[in-house]
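I opened the model to work through it one topic at a time. My entries below follow the order in which I looked things up.

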Amino acid sequence: MERYYQPEIECASREQIKAWQDERLVKQVRHVWDNVPYYRKKMEEKGLTPDDIKSSDDLYKLPFVTKADLREAYPYGLVAKPLKDCVRIQSTSGTTGKRVVAFYTQHDIDLWEDCCARAIVAAGGTNEDVCQVSYGYGLFTGGPGLNGGSHKVGCLTIPTSSGNTERQIMFIRDLSATILCCTPSYAAYLGETMKEMSLTPDQIPLKAGIFGAEAWSEEMRQDIQNTLGIKAYDIYGLTELSGPGVSFECSAQSGMHINEDHFIAEIIDPDTGEVLPEGSKGELVFTSITKEAFPLLRYRTRDICMLTREKCSCGRTHVKMCKPMGRSDDMLIIRGVNVFPSQIETVLLNHGYPANYQIIVDRVRSTDTLDVQVEMTPEMFTDNLGEIDRRQKDLVDGLRSMLGLAAKVTLVAPKSIVRSEGKAVRVIDKRKI
Ligand SMILES: [Zn+2]
């Protein structure tokens, strides 16, 4: 029996969802017009006033907001509530430039935690569960978001945060944790470590995992499910919009339901900005219609994605998004070819390699080079050079047929690639352009 955290919302009729979106969007546009000069100016430049937005059908008229806007408006330029009404900030890691700082009222946090609670219940969580939150706590949204959601569901929550793998495993075993929340790369690493400790899936009390904050492939899901003996669910979110829980997977494990009572999703052509018809592949754009302190209208996520309103076996009625097929920010252009790291990962896992790899891009005498370093599993590890050579050639062929591009493959010894406790560093781009 499928369970829901807020059934009246999660299974509402399409008409009801549209009515919520219409009403909330109109109110949100008025809110930013009145309180955020930055938005008012952007709307005025397009000749718009709040009266032009009468329902969600008028959404396409509004200007986009990009990460560049967030950086330009840093730190207070997009805050729509007096700071005395704000109670928290969260922030992006800032690995690709200036940090983005997002603001929350207590009401914003409450709704965000509801979204995370929906994800935990969709993964089978109840107040009987012990939920270990191994996402980083602090400025990163992963820990605080799932922590709040876990409390709302009534799970016994273990706020381990990331790191200290030995202690993570000790708590999972001693306190019989049933749900694990962390990045997929860390889940894979925990699985690998438990395997080394000769723990079999039936000796691991976990039954489900909620993994997000980085791209991961279907093959990696299978891998984690098998090693930990769990069902692995995807969760999606962005600090700019609140954090994890913008969308989440249900028992169908085939795409993530977007919480449409809080976010309106669009797919656009990333080059022209034109809204594309349902089922098209394009850039995912979100409008937050309930956020008070940091509302974003038509925020361009850079994620390449597709939406589907096909009926879902779980009974939820909210639109589903597929796993992002790569962030257009993450997309590498190598010798003119678009390459997503997730494509490379798929080839590696299909050939039986673990998801421990690094992609090194460089430019030698004005030609781009792609070097993929891949760890062998302990079972594959050998000093037979002929065997290593054969394996490398296999992967080169696999990558060529996936990417349409020649790559160099270097197999390296087990455990030689540094493990990450949060988001894994997969790509090193050494090109100076
Ligand atoms: Zn579903």
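**Ground rules**

I am working with a predicted model, in which local features need pLDDT of at least 70 and side-chain atom pairs count only at pLDDT 80 or more, while totals for chains, interfaces and linings use all residues. Residues are numbered from 1 along each chain as its sequence is written, and side-chain values use heavy atoms, with hydrogens and water left out.

**Zinc site**

I looked up the protein donors of the zinc ion and found Cys250 (SG), His257 (NE2), Cys312 (SG) and Cys314 (SG), at 2.1 to 2.2 Å from the metal. Donors here are N, O and S atoms within 2.8 Å of the metal (3.2 Å for Na, K and Ca); water is not among the atoms, so sites may look incomplete. The four donor atoms subtend angles of 101 to 112° around the zinc ion, so I noted the arrangement as tetrahedral. Four donors get that label if all angles lie between 85 and 135 degrees. For reference, the ideal angle for four tetrahedral donors is 109.5 degrees.

Along the chain the donors of the zinc ion follow the spacing C-x6-H-x54-C-x1-C. Cys250 sits in the loop between β8 (243-249) and β9 (256-258), and Cys314 in the loop between β13 (307-308) and β14 (320-321), so this pair ties together parts that are 64 residues apart in sequence. Strands (E, at least two residues) and helices (H or I, at least four) are DSSP runs, numbered from the N terminus.

I then checked burial of these two cysteines. Cys250 has 0% relative accessibility and counts as buried; Cys314, at 2%, also counts as buried. Buried means under 20% relative accessible area, exposed over 50%, and partly exposed in between (1.4 Å probe, protein chains only).

**Aromatic rings**

How many aromatic pairs does a search of the whole structure find? It finds eight. Rings of Phe, Tyr and Trp (its six-membered ring) pair if their centres lie within 6.5 Å; planes under 30 degrees apart count as stacked, over 60 as edge-to-face and the rest as tilted.

I followed one of the pairs, Tyr76 and Phe103: the ring centres are 5.8 Å apart and the planes are at 50°, so the pair is tilted. Tyr76 is in the loop between α4 (67-72) and β1 (86-91) and Phe103 is in strand β2 (residues 101-105), 27 residues apart. Phe103 is buried, with a relative accessible area of 5%.

Phe103 also pairs with Phe294, again tilted, at 6.2 Å centre to centre and 40° between the planes. Phe294 lies in the loop between β11 (282-288) and β12 (299-305), 191 residues from Phe103. Phe294 counts as buried at 3% relative accessibility. I recorded Tyr76, Phe103 and Phe294 as one aromatic cluster.

**Charges over rings**

I found the charged end of Arg300 over the ring of Phe64, 5.3 Å from its centre. Lys323 lies over the face of Trp216, at 4.0 Å from the ring centre. The criterion is NZ of Lys or CZ of Arg within 6 Å of the ring centre and within 35 degrees of the ring normal.

**Domains**

The protein chain is divided into domain 1 (7-329) and domain 2 (333-429), with bounds from an automatic or database domain assignment. Their centres, taken over C-alpha atoms, are separated by 30 Å. The contact takes 21 residues from domain 1 and 16 residues from domain 2, contact meaning heavy atoms within 4.5 Å.

**Lys423 and Thr183**

I looked up Lys423 in the loop between β19 (408-412) and β20 (427-429). Lys423 counts as partly exposed at 47% relative accessibility. Leaving aside neighbours within four places in sequence, Lys423 is in contact with Phe140, Thr183, Ala213 and Glu214.

Is Thr183 buried or exposed? Thr183 counts as buried, at 3% relative accessibility. Thr183 is in the loop between β5 (179-182) and α8 (184-196). Not counting residues up to four places away in sequence, Thr183 touches several residues, among them Tyr135, Glu421 and Lys423.

Most residues other than glycine have a negative phi, and most peptide bonds are trans. The peptide bond from Tyr74 to Pro75 is cis, with omega near -5°. Ala213 has a positive phi, near 80°, and is found in the loop between β6 (208-212) and α9 (218-228). Lys415 has a positive phi of about 70° and is in the loop between β19 and β20.

Key: Tetrahedral: all angles 85-135°; square planar, octahedral: opposite > 155°, others 65-115°.
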